[in-house]
Amino acid sequence: MTVRLAIVAASFNPEITDRMVARAVARAKAVGAQVEVVRVPGTFEIPHALERLLARRDIDAGVAIGAVVKGQTDHDELIVHAVARALLDLQMRTGKPIGLGITGPGMSYKVAVRRIRNAERAVDAAVAMKGVLRKLSRGSRRR
């Protein structure tokens, strides 16, 4: 069965996130997933958009993509921790997996560039977890 995947990506740091999206879409197609891409202003807005998308019956899983680069304050830590928690809560509420392709906190721009491949790993995680959840659901129906 084909996985229908929603990729939500931050537009902030486009020189990084655009490349992350390209790699995520290529990876999704390589594993046979159908893809819908939505861009949002920043990483902070990703959970809200994913919540709307995961509420749809035609979406099986999500992928969150963003690059949160360290600035002069601890703002990057605040954003990444809040978004990761929101995404975890969203998975539990919807029962649909979300691949975490958000890099940071505490990383430099150079490190962010080196972590562009994390977007592919997020796709792999979402698709694999959808398969695990399908197996678990089938097992509970057999009893």
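## Close-up views of a predicted model

**View 1. Thr17 and its contacts.** Setting aside neighbours within four places in sequence, Thr17 is in contact with Ala10, Ser11, Phe12, Arg39, Gly66 and Ala67. The model shown here is predicted. Thr17 lies in helix 1, which covers residues 14–30. Its relative accessible area is 0%. Buried means under 20%, so Thr17 counts as buried.

**View 2. Helix 1 from end to end.** Helix 1 has 17 residues. From its first C-alpha to its last, helix 1 reaches 23 Å. That is close to the 24 Å expected at 1.5 Å a residue. Its buried residues are Ile16, Thr17, Met20, Val21, Ala24, Val25 and Ala28. Seen down the axis of helix 1, these buried residues fall within an arc of 160°, so they line one face of the helix. On the other side of helix 1, Lys29 and Ala30 are exposed. Gly32 follows helix 1 and has a positive phi, near 85°.

**View 3. Leu5 in strand 1.** Leu5 is found in strand 1, residues 4–10. Its relative accessibility is 1%, so Leu5 counts as buried. Not counting residues up to four places away in sequence, Leu5 touches Ala28, Ala33, Gln34, Val35, Glu36, Ala61, Gly62, Val63, Val123 and Ala126. One of these, Ala28, is also among the buried residues of helix 1. Leu5 and Ile46 are 41 residues apart along the chain, and their C-alpha atoms are separated by 15 Å.

**View 4. Gly42 in a loop.** Gly42 lies in the loop between strand 2 (34–40) and helix 2 (46–54). Is Gly42 buried or exposed? At 13% relative accessibility, Gly42 counts as buried. Leaving aside neighbours within four places in sequence, Gly42 is in contact with Ala10, Ser11 and Phe12. Thr17 also contacts Ala10, Ser11 and Phe12. Gly42 and Val80 are 38 residues apart in sequence. In space, they are 11 Å apart, C-alpha to C-alpha.

View 5. Helix 3 holds 20 residues, 75–94. At 1.5 Å a residue, helix 3 should span 28 Å. Its end C-alpha atoms are 28 Å apart, which agrees. Which residues of helix 3 are buried? They are Asp76, Ile79, Val80, Val83, Leu87 and Leu90. Seen down the axis of helix 3, the buried residues fall within an arc of 95°, so they line one face of the helix. What covers them includes helix 2, strand 3 (61–69) and strand 4 (98–107). The face of helix 3 turned away from the buried side carries the exposed residues Leu78, His81, Met92 and Arg93. Just after helix 3, Gly95 takes a positive phi of about 75°.

**View 6. The largest pocket.** About 260 Å³ of space lies in the largest pocket. The elements that give two or more residues to its lining are strand 3 and helix 3. In total, 17 residues line the largest pocket. Phe12, Val68, Val69, His75 and Ile79 lie nearest its centre. Ile79 is also one of the buried residues of helix 3. Phe12 is in contact with both Thr17 and Gly42. The lining of the largest pocket divides into 7 nonpolar, 8 polar and 2 charged residues.

Definitions and conventions
Residues are numbered from 1 along each chain as its sequence is written. This is a predicted model: local features need pLDDT of at least 70, side-chain atom pairs count only at pLDDT 80 or more; totals for chains, interfaces and linings use all residues. Side-chain values use heavy atoms; hydrogens and water are left out. Helices (H or I, at least four residues) and strands (E, at least two) are DSSP runs, numbered from the N terminus. Buried means under 20% relative accessible area, exposed over 50%, partly exposed in between (1.4 Å probe, protein chains only). Contact means heavy atoms within 4.5 Å. The expected span of a helix is 1.5 Å times one less than its number of residues. The arc is that of the directions from the helix axis to the C-beta atoms. On a 1 Å grid over the protein atoms alone, a cavity is a set of points where a 1.4 Å probe fits but cannot get out, and a pocket is an open set with protein on both sides within 12 Å along at least five of seven lines; lining residues have an atom within 4 Å of a point. Grid points are joined across faces, edges and corners, and a volume is the space filled by probe spheres set on the points. Ala, Val, Leu, Ile, Met, Phe, Trp, Tyr, Cys and Pro count as nonpolar, Asp, Glu, Lys and Arg as charged, and the others, Gly among them, as polar.
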